[in-house]
Amino acid sequence: MSEGRAAVRGLDPDRAAATAGPAAGPTAGLDQPGVDALPPAPHLLVTGGAGFIGSCFVREILARGDGTRITVLDKLTYAGDRANLAPVEADPTQAARFRFIRGDIADPAVVDPLVEEADAVVNFAAESHVDRSILDPEAFLRTGVFGVHVLLEACRREAERAAAGSRLGPRRQPRRAPRFLQVSTDEVYGSVPIGQAGEEDRLEPRSPYAAAKAAGELLVRSYVVTYGLDALITRGSNTYGPYQHPEKLIPLFITNALDDQPLPLYGDGLQRRDWLYVTDHAGAIEHVLRFGTSGEAYNIPGGMELANRELVAALLARLGKPWSLVRRVEDRPGHDRRYAMDGTKLARLGWRNRVPFEDGLTATIDWFRANERWWRSIRSGDWEAYYGRQYGARLSHSRPAPDPTADLAPELAPDLRTGPSRDEGR
Ligand SMILES: NC(=O)c1ccc[n+]([C@@H]2O[C@H](COP(=O)([O-])OP(=O)(O)OC[C@H]3O[C@@H](n4cnc5c(N)ncnc54)[C@H](O)[C@@H]3O)[C@@H](O)[C@H]2O)c1
């Protein structure tokens with residue numbers, strides 16, 4: 001089957017809806033609720049909560065108004081932005097249950113008192129961009145390994161206090177040890193040429209980013225085994241949606257296309273990724289936090305595998321922009337060809353994704369169209385230096401990229417060529 005035909009099959013709305021499952025509230029798809037590991041109205045410490053996925057997790061939970069309190073600890077690196085939490089801070093009822101602290105997860109003086117208060121710690125904090133990990137790996141190790149170690153040590157101390165009966169709640173009642181969830185990635189499996197990676201498969205990271213994430217996971221496992229810590233791991237697939245930093249593929253290509261700038265597509269564009277909408281990623285993390293078994297890792301697939309160039313064609317169709325914007329540039333070193341994960345274990349836990357790919361992609365494009373001020377402020381200052389370093393030479397040696405819709409039968413092509421942009425491109 002040609003890549004183009006696979007794309008059309010991948011973009012079939014019926015298939016997308018089938019992978020999305022029923023629509024409902026934040027714990028949608030919860031077939032067998034099981035035992036909730038969190039107390040009622042828990043206090044969560046969300047590290048890296050000013051980034052893309054962490055801020056979505058915070059916004060979704062606080063908007064529910066169920067009494068959950070959240071403290072965000074975030075270093076506000078170039079990727080973190082308090083504006084991502086503005087909807088929470090602008091709503092007095094949500095703001096009353098929310099606190100923001102700027103700080104580093106690798107700093108025990110900041111971390112320890114915050115973990116002391118928390119019922120659970122959800123660690124989103126990481127340097128998260130593979131390209132930057134190739135340019136400069138050190139920060140990835142500091143946050144991804146040493147930072148995780150500091151969080152785990154704080155949880156270990158709290159677990160010891162809980163066991164001794166000296167970990168007390170606000171009304172001096174005994175409290176359980178905090179539950180720890182490490183947000184990890186499908187990239188720890190490395191490239192998966194055929195089939196799907198299962199949770200017990202070997203970790204074979206191939207970039208400094210993925211290696212730091214795998215190392216963080218191994219530390220978590222070691223604390224479960226050695227100290228009996230209550231801790232879990234999630235491995236999410238490629239995530240997209242509003243508030244994603246414009247350095248990542250989908251927002252980079254949307255914002256470049258809106259400005260009629262070239263879209264730098266790595267290599268042949270046939271690398272395959274599985275796309276997960278951000279609210280589904282955040283919802284699945286919360287579900288695992290509540291109902292997962294300590295010591296276990298859970299894959300969070302998106303259920304929508306596409307070659308990069310098929311994804312780009314779908315974006316351009318919705319944006320009403322021509323394929324001629326796409327430039328084939330020198331590939332990323334060690335670029336993984338394919339990620340794919342088996343989601344059976346998460347499904348057994350009762351989670352189903354809710355957002356079909358078609359809807360997620362349209363919502364993402366609409367959001368970037370409507371929030372130009374947000375992404376333009378990021379694409380200024382240091383951005384230019386980064387962009388020049390990453391793509392300057394690549395673009396100057398680039399060539400046109402083959403149009404993936406060109407070899408499609410005419411009856412199959414419209415989905416990619418024009419897509420919903422016929423209606424939405426006004
Ligand atoms: N984006 C994806 O496609 C994807 C997929 C699977 C897993 N993940 C994982 O999900 C998590 C969040 O990803 P994202 O895309 O939201 O990343 P992001 O880069 O948008 O956000 C990371 C956040 O962590 C903060 N941070 C970085 N170092 C810190 C430190 N030392 N102390 C405190 N805060 C720090 C940053 O300021 C930022 O707010 C990461 O752990 C990433 O590995 C991401």
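This is a predicted model: local features need pLDDT of at least 70, side-chain atom pairs count only at pLDDT 80 or more; totals for chains, interfaces and linings use all residues.
View 1. The axes of H12 (residues 308-319) and H14 (residues 357-370) come within 11 Å and cross at roughly 55°. The two helices are therefore oblique to each other, and H12 passes H14 in a right-handed crossing. On the H12 side the contact is made by Ala-314, Arg-318 and Leu-319, and on the H14 side by Leu-361, Thr-362 and Ile-365. By class, these contact residues comprise 4 nonpolar, 1 polar and 1 charged.

**View 2. The sheet E7-E9-E11 and helix H12.** Three strands form an open sheet with mixed pairing, in the order E7-E9-E11. E7 and E11 (305-307) are at the edges with a single partner strand each, so one side of each has no neighbour in the sheet. From one strand to the next, the twist averages 45°. E7 pairs with E9 (residues 272-277) in the parallel sense, over 3 bridges. Tyr-240 has Tyr-277 in E9 as its bridge partner. Helix H12 lies across E9 and E11, and runs at about 90° to E11.

**View 3. Packing of helix H3 on helix H11.** The axes of H3 and H11 (residues 278-291) come within 9 Å and cross at roughly 70°, which makes H3 roughly perpendicular to H11. From H3, the residues in the contact are Phe-52, Ile-53, Cys-56, Phe-57, Glu-60 and Ile-61. They meet Val-278, Thr-279, His-281, Ala-282, Gly-283, Ile-285 and Glu-286 of H11. The contact divides into 8 nonpolar, 3 polar and 2 charged residues.

**View 4. The shell around the ligand.** Of the 31 residues around the ligand, Gly-48, Gly-51, Ala-79, Gly-80 and Ala-126 come nearest. At least two shell residues are supplied by each of H3 (52-64), E2 (69-74), H8 (138-164), E5 (179-185) and E7 (238-240). H3, the helix that meets H11 in View 3, gives the most, with 3 residues. The shell is made up of 12 nonpolar, 14 polar and 5 charged residues.

**View 5. The sheet of 7 strands.** The strands form an open sheet in the order E3-E2-E1-E4-E5-E6-E10, and the pairing is parallel. E3 (98-102) and E10 (297-300) stand at the edges; each has a single partner strand, so one side of each is left without a neighbour in the sheet. Neighbouring strands are turned by 20° against each other on average, direction ignored. Within this sheet, E5 and E6 (residues 231-236) pair in the parallel sense over 6 bridges, and Gln-182 stands opposite Ile-233 in E6.

**View 6. Pairing of strand E12 with E8 and E13.** E12 (residues 326-329) pairs with E8 (residues 263-266) in the parallel sense, over 4 bridges. Here the bridge partner of Pro-264 is Arg-327 in E12. With E13 (residues 399-400), E12 pairs in the antiparallel sense over 2 bridges. In that pair the bridge partner of Arg-328 is Arg-399 in E13.

Key
Residues are numbered from 1 along each chain as its sequence is written. A residue is near a molecule or strand if its C-beta atom, placed from the backbone, lies within 6 Å of it. Ala, Val, Leu, Ile, Met, Phe, Trp, Tyr, Cys and Pro count as nonpolar, Asp, Glu, Lys and Arg as charged, and the others, Gly among them, as polar. Two strands pair if DSSP finds at least two bridges between them. Axes are lines fitted to C-alpha atoms, for helices over the stretch in contact, and angles run from 0 to 180 degrees between N-to-C directions. Two residues are in contact if their C-beta atoms, placed from the backbone, lie within 7 Å. Angles under 35 degrees count as roughly parallel, over 145 as roughly antiparallel, 65 to 115 as roughly perpendicular and the rest as oblique. A crossing is left-handed if the near helix is turned anticlockwise from the far one by less than a right angle, and right-handed if clockwise.
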